[in-house]
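Please keep the sequence and the coordinates in view while reading.

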Amino acid sequence: MEYATQKLAEEKVFKDPVHRYIHVQDQLIWDLIATKEFQRLRRIKQLGTTYLVFHGAEHSRFSHSLGVYEIVRRMVDDVFVNRPEWDKSERLVALCAGLLHDLGHGPFSHAFEHVFDLDHEQFTRRIILGNTEVNEVLSRVSDQFPQKVSEVIAKTYPNKQVVSLISSQIDADRMDYLQRDAYFTGVSYGHFDMERILRVMRPQPDQIVIKSTGMHAIEDYIMSRYQMYWQVYFHPVSRSAEVILKKTLERAKFLYKDGYDFKISIDHFTSFFEGNVKLADYIALDESIIMAYFQFWTKEEDAILRDLSTRFLNRKLFKFTDVDPAKDWEKLVQLEKLFDEAGLDPNYYLVMDSSSDLPYDFYRPGEEGERVPIYLQLPNKDLSELSRSSDIVDAISGKRRTDHKLYYPKDLLDVNNPIHEKIIAILNA
């Protein structure tokens, strides 16, 4: 029997709080889950620093990746089966792309990427195509199969219909993380009727469309996403923790380049600090190692590194205030000067952080980051872009919301110190 069609002697299931059960029948999928690169995702949190705000948010990229796989499996094995518009030969590449789409996430994900100028999707493709256990398993299907899976994740795969299952404005990735993140944070915003959405999905050439009778389920999904971003993903306290995490790593990187003598060897970080990250080093780094180094750094001689790592470990976070960089730039310049005078390095202790989201957009030719819209299939089989039929979606289409906050260590500001008093007055103005 060819490896691509080989089934397990008995179906395996993972008990899951979101999907109830995750079903695995293919030997290929079972073997991929067992690789060390996929098992590493157990040691990467799905929501980064959010657990410092919502204490239940300890779930991993591993569980999310299984969830995305399960949604894709339901699409291709249940919803699309026997539909002439779906090419069943694409089943396996779709399942593998769903399972492996987050393989390249680093510890604390986006904050980590920001500090070291990395791209997790690029590392996902490097793991799939490199000298790894994942590549060895995928190559059992064919020599070209790893490249196919990589192209789906890179959104360059010729069949855009397959790409849209993993990456679009309504895809398996978003449908899993919204529900999973809502469950583990304990909020109600991320819940929507996924069963209904799956029932009304229809494969079309180069895309997936939604039967028009399912429009209200799609509205609910889009509003759920909007609320999750502003109530959970962009929570200002979680962003404070992320600011401190980034500044801790930036300080360690600065000290390394300055020739600082760390008490504990920083071998795990060397290639990151030097900007020449080897794939083996990337795979070897996870959040348990980051947290161990933060523990080590609480004993370092450098006062800034010691303070920032201690703050992150013990949740002694920065306070924040709203700021408009366009209107408040004079205030920001004044604050930087006062922080310097007070002996508080503004590079680490006065940080502006911005969050921005576009909940839904339609196709705007030539615009950067243009998005393929969600189409409704009308009773006569014509397609209509979602916002033309939905007043709710039309109200938020193309509207980017941005929020700017200024983070600072309020606990280090003493009202009896004249310079600190000026700082406090400006911050409270």
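The model is a predicted one. Its largest nonpolar core has 134 residues, and the structure holds 25 salt bridges.

**Nonpolar core**

- Within the largest nonpolar core, which has 134 residues, the members that touch the most other members are Leu 32, Leu 100, Leu 138, Val 149, Met 175, Met 201 and Trp 297.
- Helix H12, which spans residues 215-233, gives the most to this core, contributing ten residues.
- Leu 138, one of the residues that touch the most other core members, is in contact with Leu 28, Leu 32, Cys 96, Leu 100, Ile 128, Phe 145, Pro 146 and Val 149 when its neighbours within four places in sequence are left aside.

**Packing of H5 and H13**

- Two packed helices are described by the angle between their axes and the distance between the axes.
- For helix H5 (residues 109-116) and helix H13 (residues 236-257), the axes come within 9 Å and cross at roughly 35°, and the crossing of H5 and H13 is right-handed.
- On the H5 side the contact is made by Ala 111, Phe 112, His 114, Val 115 and Phe 116, which meet Glu 242, Leu 245, Lys 246, Leu 249, Glu 250 and Lys 253 of H13.

**Salt bridges**

- Glu 58 and Lys 45 form a salt bridge in which the closest N and O atoms are 3.9 Å apart; both residues lie in the loop between helix H2 (36-39) and helix H3 (61-79), so the pair ties together parts that are 13 residues apart in sequence.
- The two partners fall into separate accessibility classes, Glu 58 being partly exposed at 45% relative accessibility and Lys 45 being buried at 16%.
- Inside helix H13, Lys 247 and Glu 250 lie three residues apart, about one turn of the helix, and their side chains meet in a salt bridge with an N to O distance of 3.0 Å.
- Of this pair, Lys 247 is buried with a relative accessible area of 14%, whereas Glu 250 is partly exposed with 24%; Glu 250 is also among the H13 residues that meet H5.
- The side chains of Arg 251 and Asp 302 meet in a salt bridge at 2.8 Å, N to O; Arg 251 lies in helix H13 and Asp 302 in the loop between helix H16 (287-297) and helix H17 (303-314), so this pair ties together parts that are 51 residues apart in sequence.
- Arg 251 counts as buried at 10% relative accessibility, and Asp 302 likewise counts as buried at 12%.
- Salt bridges that share partners join Lys 7, Asp 26, Glu 70, Arg 73, Asp 77 and Arg 91 into one network.

**Backbone angles**

- Most residues other than glycine have a negative phi, and most peptide bonds are trans.
- Phe 108 has a positive phi, near 55°; its place is in the loop between helix H4 (91-100) and H5, and Phe 108 is buried, with a relative accessible area of 4%.
- Asp 206 also has a positive phi, near 70°, and its place is in the loop between strand E3 (201-204) and strand E4 (207-211).

How values were computed
Residues numbered from 1 in each chain as written. Predicted model: local features only at pLDDT ≥ 70, side-chain atom pairs only at ≥ 80, totals over all residues. Heavy atoms only, no water. Core = buried A, V, L, I, M, F, W, Y, C linked by side-chain atoms within 4.5 Å. Buried < 20%, exposed > 50% of the residue type's maximum accessible area, 1.4 Å probe, protein only. Helix = DSSP H or I, 4+ residues; strand = E, 2+ residues; numbered from the N terminus. Contact = heavy atoms within 4.5 Å. Axes fitted to C-alpha atoms, helices over the stretch in contact; angles between N-to-C directions. Left-handed = near helix turned anticlockwise from the far one by under 90°. Salt bridge = Lys/Arg side-chain N within 4 Å of Asp/Glu carboxyl O.
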